[in-house]
Amino acid sequence: MRLTAVPALLLILSATVTTTACAAEPALVPRAGEGTAADGAVTGRAVDTGPDQKRVRTGKVASIAARVPAEIARDGRLTVGFSVQSSPPLVFPASDDVTLIGVETDLAQLVADVLGLELEPESSSWENLFLGAKSGKYEAVFNNVTVTEERKDVYDFATYRIDQLAWQVPASSPIRRIAGPADVAGLRVSVGSGTNQEKILLDWDAQNRKAGLKPVEILYYQKYGDVLLALKSGRVQAYFGPNPTIAYNVAVSGGSRIVGTASGAGPGLQGLIAAMTKKGNGLVGPVHDALATVIGNGTYRQVLDRWGLANEAVPESRVNPPGLPRQRG
């Protein structure tokens, strides 16, 4: 096992932020050798980036395993798709540059354990995860996928985390809270192009302009590492992005804070992250029951705690709940 206090830019591995994600800044207890900033944020948390993860494991539940469709159970494996474009702590390469690690792989392992199957991870691009699930190449996808009404036409979903966004500012920033449009008036803000968070920010800016407040200056960066440099240098005052990536960076690197969160689905609906399977293939029920099992026996919480995402926990898994509304036009 290799423990490393990982600098922010190395953690990001030049990954592009392309999806939305989840909850408030985690409460983390410093371990020996860690520093603590004046605002209480942990700096330099040791993270195991080695390929031998010593993952949290759980036992097979025969009654659930027996309901896995025969064509999926036949080879004794659960083939799960993960995107190589993801960022820590979701899915990222271990120090051997081959083994995929992160909260998503750990949760997939727990589900495979309950189903009595060997986890077979497969790397893919983000867009090919959907094609692979639709074709049956991937029996499941665990990759920060938000439930949407359009996706439910093609896939089944079993939820396991809330989908939330976060506001990140430098530790020295005078900004203490961002909760609504007026809080970002006149600020220089970075956001990912084409994301749900960009839509929310643009809506807030439109409200501010209508109210006679100063407009937001929006800056776009392709990589999260570039965002971090911009925050450090003062080129931007705040970043609005997926909470898991931000919360993890705050925990392991310090130098910044989370000052607010928002649902990835926008106002009026709490977005949900879910395991995705091919619609109607019979797997979503066993996956849901496996998730219910690990939520109940505490191993689910252990995994979220391990990656600093305890505040993204859901009290129960749900099958095909209401998702993000259909896009107009």
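What covers the buried residues of helix 6? Hold that for a moment.

Ground rules. This is a predicted model, where local features need pLDDT of at least 70, side-chain atom pairs count only at pLDDT 80 or more, and totals for chains, interfaces and linings use all residues. Residues are numbered from 1 along each chain as its sequence is written, and side-chain values use heavy atoms, leaving out hydrogens and water.

Now helix 6, residues 196-210. Helices (H or I, at least four residues) and strands (E, at least two) are DSSP runs, numbered from the N terminus. Buried means under 20% relative accessible area, exposed over 50%, partly exposed in between, with a 1.4 Å probe and protein chains only. Gln197, Glu198, Ile200, Leu201, Trp204, Asp205 and Asn208 are buried in helix 6. They line one face, because they fall within an arc of 160 degrees seen down the helix axis; the arc uses directions from that axis to the C-beta atoms. Arg209 and Lys210 are exposed, on the face turned away.

So, the cover: it includes strand 10, strand 11 (188-191), strand 12 (217-219), strand 13 (238-242) and strand 14. Contact here means heavy atoms within 4.5 Å.

Next, two of those strands. Strand 10 and strand 14 pair antiparallel over 7 bridges; pairing takes at least two DSSP bridges. Val169 has Arg257 of strand 14 as its bridge partner. In strand 14 (residues 256-263), 7 of 8 residues are buried.

Last, Gln168. Gln168 sits in strand 10 (residues 155-170). Gln168 counts as buried because its relative accessibility is 0%. Beyond four places in sequence, Gln168 touches residues including Tyr224, Tyr239 and Arg257.

Definitions and conventions. The expected span of a helix is 1.5 Å times one less than its number of residues.
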